[in-house]
Amino acid sequence: FCSNPWFEHCDVVPGNADGNTVINVSDAVYIIGYIFAGGPSPTPYAVASGDANGDCTVSISDAVSLINYIFAGGAAPIACTLWPATCGTLR
């Protein structure tokens, strides 16, 4: 019995918009391209992969959050184990 199967299988890294499993400045650029230039949606999940700040949307605030995390020691992106509890099903 597994009371919370999400803890057993976490196949997304919130904030890792480009899907390469490494959070870096390219993820912020990817999010900006998605929002402002019609670029591809974050992968593998359009919302969960791009949602660095845990507000259940992909917006410029996620790119700003990532830049703050990478360059200024800001808060880390939301943990993959917390995203479904906060935002619901993966999307």
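A polar contact is a pair of N or O atoms within 3.5 Å; within protein, one must be able to donate a hydrogen and the other to accept it. I wanted that cut-off on the page before opening the model, which is a predicted one.

**Entry 1: Ser49**

I started with Ser49, which sits in the loop between H1 and H2. Its side chain reaches the backbone oxygen of Thr43 at 3.1 Å. Is Ser49 buried or exposed? I found a relative accessibility of 0%, so Ser49 counts as buried.

Next I listed what surrounds it, leaving aside neighbours within four places in sequence. Ser49 is in contact with Val12, Val13, Pro14, Gly15, Asn16 and Ala17, and also with Pro42, Thr43 and Pro44.

**Entry 2: the Thr43 to Pro44 bond**

Two of those contacts made me check the backbone. Thr43 and Pro44 are joined by a cis peptide bond, with omega at about 10°. Pro44 belongs to the loop between H1 and H2, and Ser49 is found in that loop too.

**Entry 3: positive phi away from glycine**

I then looked up two backbone angles. Thr21, a residue other than glycine, has a positive phi near 70°. It lies in the segment before H1. Cys56 is not a glycine either, and its phi is positive at about 70°. I located Cys56 in the loop between H1 and H2.

How do they stand on accessibility? Thr21 has a relative accessible area of 62%, so I put it down as exposed. Cys56 comes out at 19%, and because buried means under 20%, Cys56 counts as buried.

**Entry 4: the core**

Which residues have the most contacts inside the largest nonpolar core? They are Ile31, Leu66 and Trp83, in a core of 14 residues. Helix H1 (25-37), helix H2 (60-72) and helix H3 (83-87) each supply at least two residues of this core. As background, nonpolar side chains tend to be buried together in soluble globular proteins.

Ala17 was already in my notes, as a contact of Ser49.

Ile32, Ile35, Phe36, Ile60 and Val64 make a nonpolar surface patch of about 440 Å². H1 and H2 are the elements that give two or more residues to it. Which element gives the most to the nonpolar patch? My note says H1, with three residues. Val64, for its part, has its place in helix H2.

Methods. Residues numbered from 1 in each chain as written. Predicted model: local features only at pLDDT ≥ 70, side-chain atom pairs only at ≥ 80, totals over all residues. Heavy atoms only, no water. Core = buried A, V, L, I, M, F, W, Y, C linked by side-chain atoms within 4.5 Å. Buried < 20%, exposed > 50% of the residue type's maximum accessible area, 1.4 Å probe, protein only. Helix = DSSP H or I, 4+ residues; strand = E, 2+ residues; numbered from the N terminus. Patch = residues over 30% accessible without salt bridge, like charges linked within 9 Å, V, L, I, M, F, W, Y side chains within 5 Å. Areas by Shrake-Rupley, 256 points an atom, 1.4 Å probe, with all protein chains shown as cover. Salt bridge = Lys/Arg side-chain N within 4 Å of Asp/Glu carboxyl O. Contact = heavy atoms within 4.5 Å.
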